[in-house]
Amino acid sequence: MALLQIAEPGQSPLPHQVKRAVGIDLGTTNSLVATVRGGRAVVLPDAQGAVMLPSVIHYGAADAPIVGASALALAALHPADTLMSVKRFMGRGRNDAEEDARRSHYSLAEGEEGMVSFLTSGGKISPVEASAEILRVLSQRAVDTIGGEIDGAVITVPAYFDEAQRQATKDAATLAGLPVLRLMNEPTAAAVAYGLDADGQGVIAVYDLGGGTFDISILRLHKGVFEVLATGGDTALGGDDLDAVLADWLLQESGFETLEAGEYRQLQASARLAKEKLSEAVTVDVDLSEVLPGGAVISVSREKLEQMIQPLVKRTLLACRRCLRDAQLEEGVDNIVMVGGSTRVPLVRAAVADFFGRTPLLGIDPDQVVAVGAAVQADILVGNRPEGDLLLLDVIPLSLGIETMGELVEKIVPRNTTIPVSRAQEFTTYKDGQTALAVHIVQGEREMVSDCRSLAHFELRGIPPMVAGAARIQVTFQVDADGLLGVSAREEITGAEASVMVKPSFGLNDEEITGMLQASFSHAEDDKRVRQLAEQRLSAWQLLDGLKSALEKDGDALLVAHEREALAGQMTELQSLIDGEDTHAIRQKTEQLGRESETFASRRMDKSIREALAGVSLDSLDDEVMQ
Ligand code: ADP
Ligand code: MG
C-alpha cells in the first residue's frame, strides 16, 4: 500500500493560525477598537493617529453618512442631521426617548415596532443603523491595521442594558457585518483589562462615569473567576450632564434667554472644553463671543464647577451605596477600577476614594480600559489562548417570572442571578379539559402582575384534555451570555411546545429599575398580604368549582334535598366572601365547606368504586362465558 503524502516535510497542513479578534467599546460619546498583539492588548489608531472615534454620525442630504470627528464638526451647524449619543436611544420606544430627544434637538419619528427613529436630511435613521455606521468605521480600521478580515468581535454594553438594548447592539453589529462573539458588560471588561484575575481573588468595584452613562459594578474574583455580585448605576447620568449644568450656568451669566439649537450645541461644546480643562487648571476663561454674537468672556473656577456638579457626583455615590448593599458583602472592597473620561474630574476621584476608603486604580487610560478588556476577552473566545483561561459571569438586574392564577407572579430567575442561566419549573392546568395555557412573562420584584413589567405573552396549545392538575407543563427560562431571554413551555405527555424570544419594545432606564426595586422593598408587607389573599381566594374558588361540577353530576342521586340546600347555602356564603378582602374569613369558610362536603365526597368515592368493581366483575364474567 502506497503512502499518501498529506504535507510537505516540515510544513504542517494546518498551521497554527492566530485568529483576528477585536474588542470594541461602543461608547455613548466615544468608541474605540482594540486587539491583542504579541500577548498585549493595544488600542488601534486611525490613519491620523487618533484612537477615540467620536460616536457622532452626520446624515446629509446627498452624501454617505459621515462618522467621527468630521461629523462632530458639523453638529453645531446641522444639529438635527448630526446624531450624537445615539446609544441612549438604543432599543428604546418612541415615548420613552422623548425627553432625551428634546435635550438633543432631534426630530423623532416612530420606527419599526414602536421603536424610535430620527428624521434627518439623509432620511429616517434608527439608532441601530447609526450605531452600525460607527461599527463599520472601527471594523474597517481594524481590517486595515491588522491586515485581514475579523474573525470575531466582543462589543461592550453598559451593565444596565436590558434585553432590547442588547439585542439592538447585536443588530447593529450584524448590519455592520461584524461577527459578534458576545456582548460584555463594560465594567467587567475594565476589571479584565487590569488583569486583576492574576490576583486569584478579591472584591473589585468598577466605577464608570462616561459621557452618557454611569455604571457601578461589584465583582468578586474567586479562583481566577470573575463573578458580578451586583450592578447599579444610572443610564442617564454622565459627562454630558456635567456639561449641561455648566452650559446652563454660562447661559444665565451671559444674560441671554434662549438659544437656537445650533447655538446651544456650541455652548455645550464650550462648556465641555472648559470642564475638561478644569481637570488640570484651576480657572479657565470661556469666550462666549465664539458662541453668541456679543457674548462676554466668563471666568470659571474649578471650585465653582465642583459646586455645580456636586449633586451629580453625589448621585453616583448613592448608587454605589445601593450596589454595595445589593452585593451583600461581608468583607471590604479590595480594588476600585476607574473607567470613563469623566473620572478625570478631580472631584470625582476624591469623592470615590473617600467613599470606598482607598485610592482607585488609574494606571490604564480610563478612556481605553474597556476596549482593552474586551480585546483580551475576544482573544480568548476565538481560541488564541489556552482553554479555561478566564471565565466571566454577569447578572440579571431584575427578577424574571411568569403570571400564575390569581394574577400572582411566580419568580423563575431571581434578580442578581449570574448568567448564562437556565431554570425550569413545572406548572399544571387549572381547569378540567383545559387545552391551552397562556404564558405571560414579567420582570420585577413585586408579588402582583400589575406591579411588574410585562415582557411578553405566548400561548401553549395542544394540551390533551385531562382533569385539572393532571397535565405537566415544563416552563423553561434561558438567559444567554448576552442577557437575552428565551422562554419555552412544553407539555410532557404530547411534547407540545411553544416558545418566545423576549425582545420588549422599549427598555427600562435605571431610574425605573431603582424605582421598581424600592417599591418592592417598601411594599413587601402589603405584597405579602395581597399574595395571601390571592392564594386564599384561589383555593376557595377551586373548591367551589369542584363542588359545582360534582353537584351537577351526582347531587341529585347522592344527596337528599336538605343536604343539597345546606351545601348550596355554604357555597353562596363563600362566594360572597371571595369578593371581599378578609383573608382569614375566606380561609375559615373554605375549611368549613371542605369539612361539610366530606360526606358527599366519600359517597361519590364509594359510588365510583362500586361502578369500577361492577365493571370488572361483568367483564370477567363475560370472559368465563366465552371460554
Ligand atoms: P462614553 O463611555 O460615554 O463614550 P467616555 O468614557 O469616552 O464616554 O467619556 C467621555 C466623557 O469624558 C465626556 O463627557 C468628556 O467630556 C469627559 N472627559 C474626557 N476627558 C476629560 C477630562 N480631562 N476632564 C473631565 N472630563 C473629561
Ligand atoms: Mg464608556
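The legends below describe close-up views of a predicted model.

**View 1. The shell of residues around ligand 1.** Ligand 1 is surrounded by 18 residues, and the closest of them are Thr29, Gly211, Lys275, Glu276 and Ser279. By class, the shell around ligand 1 divides into twelve polar residues, five charged residues and one nonpolar residue. Helix H6 (239-254) and helix H7 (261-277) each supply at least two residues of this shell. Helix H7 gives the most to the shell, with three residues. Ligand 1 lies between domain 1 (21-238 + 309-395) and domain 2 (239-308), because both domains give residues to the shell around it.

**View 2. Polar side chains at ligand 1.** In the side chain of lysine 275, an N or O atom is 2.7 Å from an oxygen atom of ligand 1. Glutamate 276 places a polar side-chain atom 2.6 Å from an oxygen atom of ligand 1. For arginine 344, an N or O atom of the side chain is 3.3 Å from a nitrogen atom of ligand 1. On its own, ligand 1 has 580 Å² of accessible area, and the protein covers 91% of this.

**View 3. The largest nonpolar core.** This core has 48 residues, of which Tyr207, Ile216, Leu246, Leu250 and Val300 touch the most other members. Helix H8 (residues 302-327) provides the largest share of the core, ten residues. Domain 1 (21-238 + 309-395) and domain 2 (239-308) each contribute at least three residues to this core.

**View 4. Helix H5 and the glycine after it.** Helix H5 (residues 186-193) is largely enclosed by the rest of the structure, because eight of its eight residues are buried. The buried residues in H5 are Glu186, Pro187, Thr188, Ala189, Ala190, Ala191, Val192 and Ala193. Just after H5, glycine 195 has a positive phi of about 60°.

**View 5. Threonine 35 in strand E2.** Strand E2 (residues 30-37) contains threonine 35. Threonine 35 counts as buried because its relative accessibility is 5%, below the cut-off of 20%. The side chain of threonine 35 reaches the backbone oxygen of alanine 21 at a distance of 2.7 Å.

**View 6. Leucine 74 in helix H1.** Leucine 74 is located in helix H1 (residues 69-74). With 24% relative accessibility, leucine 74 counts as partly exposed. Along the chain, leucine 74 and valine 56 are 18 residues apart, and their C-alpha atoms are separated by 9.7 Å.

View 7. Most residues other than glycine have a negative phi. Glutamine 328 lies in the loop that runs between H8 and strand E18 (335-339). The relative accessibility of glutamine 328 is 67%, so this residue counts as exposed. The loop between strand E20 (400-404) and strand E21 (408-413) holds glutamate 407. Glutamate 407 has a relative accessible area of 48%, so this residue is partly exposed.

How values were computed: Residues are numbered from 1 along each chain as its sequence is written. Chains are lettered from A and ligands numbered from 1 in the order in which they are written. This is a predicted model: local features need pLDDT of at least 70, side-chain atom pairs count only at pLDDT 80 or more; totals for chains, interfaces and linings use all residues. Side-chain values use heavy atoms; hydrogens and water are left out. A residue is near a molecule or strand if one of its heavy atoms lies within 4 Å of it. A polar contact is a pair of N or O atoms within 3.5 Å; within protein, one must be able to donate a hydrogen and the other to accept it, and residues adjacent in sequence count only if both atoms are side-chain atoms. Accessible areas come from the Shrake-Rupley method with a 1.4 Å probe; for residues, only the protein chains shown count as cover. Helices (H or I, at least four residues) and strands (E, at least two) are DSSP runs, numbered from the N terminus. Ala, Val, Leu, Ile, Met, Phe, Trp, Tyr, Cys and Pro count as nonpolar, Asp, Glu, Lys and Arg as charged, and the others, Gly among them, as polar. Domain bounds come from an automatic or database domain assignment. A nonpolar core is a set of buried Ala, Val, Leu, Ile, Met, Phe, Trp, Tyr and Cys residues joined through side-chain atoms within 4.5 Å. Buried means under 20% relative accessible area, exposed over 50%, partly exposed in between (1.4 Å probe, protein chains only).
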